[in-house]
Amino acid sequence: YFNPPTPVDRALATIEAWRESPALQLIGEGTGYWEVLSRLVKNAKLVGPRVHDARVAAICITHGVSRFWTADRDFAMFAQLKWENPLIR
């Protein structure tokens, strides 16, 4: 981990600059992924390992996942992603 972490706006601006490169080819992430991910990160003001949670949420959202099963309550921060803990009934 970086201590202190790179400010979110600076990190996102750097990635935006990379995305403008004509040589860039993303693998695995579909159309709309970056827009969803950057919105989730900005809205929740995420840093560190929680950015990975946002990546998982963005992939689910862009692929139309209707319900995400997880025991990780951190996913509650993503209002656009419906999630459920399958261990609690």
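**Before selecting anything.** This is a predicted model, in which local features need pLDDT of at least 70 and side-chain atom pairs count only at pLDDT 80 or more, while totals for chains, interfaces and linings use all residues. Residues are numbered from 1 along each chain as its sequence is written, and side-chain values use heavy atoms, with hydrogens and water left out.

**The whole chain.** Show the cartoon and follow it along the sequence: the pattern is α-α-α-β-β, made of three helices and two strands (DSSP runs, H or I of at least four residues for helices and E of at least two for strands, numbered from the N terminus). Along the principal axes, the C-alpha atoms fill a box of roughly 50 × 30 × 20 Å. If you switch to a surface, the protein exposes about 6600 Å², of which carbon and sulfur atoms supply 56% (Shrake-Rupley method, 1.4 Å probe). Of the 89 residues, 25% count as buried, where buried means under 20% relative accessible area, exposed over 50%, and partly exposed in between, with a 1.4 Å probe and protein chains only.

**Helix H2.** Select residues 33-44, which form helix H2; its 12 residues should span 16 Å at 1.5 Å a residue, and its end C-alpha atoms are 17 Å apart, which agrees (the expected span is 1.5 Å times one less than the number of residues). Now show the side chains of Tyr-33, Trp-34, Val-36, Leu-37, Ser-38, Leu-40 and Val-41, the buried residues of H2. What covers these buried residues includes helix H1 (8-19) and helix H3 (50-62).

Which residues is Ala-58 in contact with, leaving aside its neighbours within four places in sequence? Select Ala-58 in helix H3, and the partners to look for are Tyr-33, Val-36, Leu-37 and Leu-40 (contact means heavy atoms within 4.5 Å). Ala-58 has a relative accessible area of 0% and is therefore buried.

**The loops on either side of H2.** Select Thr-31 in the loop between H1 and H2, which counts as exposed because its relative accessibility is 80%. Thr-31 and His-63 are 32 residues apart in sequence, yet their C-alpha atoms are 9.3 Å apart in space.

**The largest pocket.** Finish by selecting Thr-6, Ala-11, Val-47, Gly-48 and Val-51, which lie nearest the centre of the largest pocket among its 16 lining residues. The elements that give two or more residues to this lining are H1 and H2, and H1 gives the most, with four. Coloured by class, the lining shows 14 nonpolar, two polar and no charged residues (Ala, Val, Leu, Ile, Met, Phe, Trp, Tyr, Cys and Pro count as nonpolar, Asp, Glu, Lys and Arg as charged, and the others, Gly among them, as polar).

Conventions: 1 Å grid on protein atoms, 1.4 Å probe; cavity = no way out; pocket = protein on both sides within 12 Å on 5 of 7 lines; lining within 4 Å.
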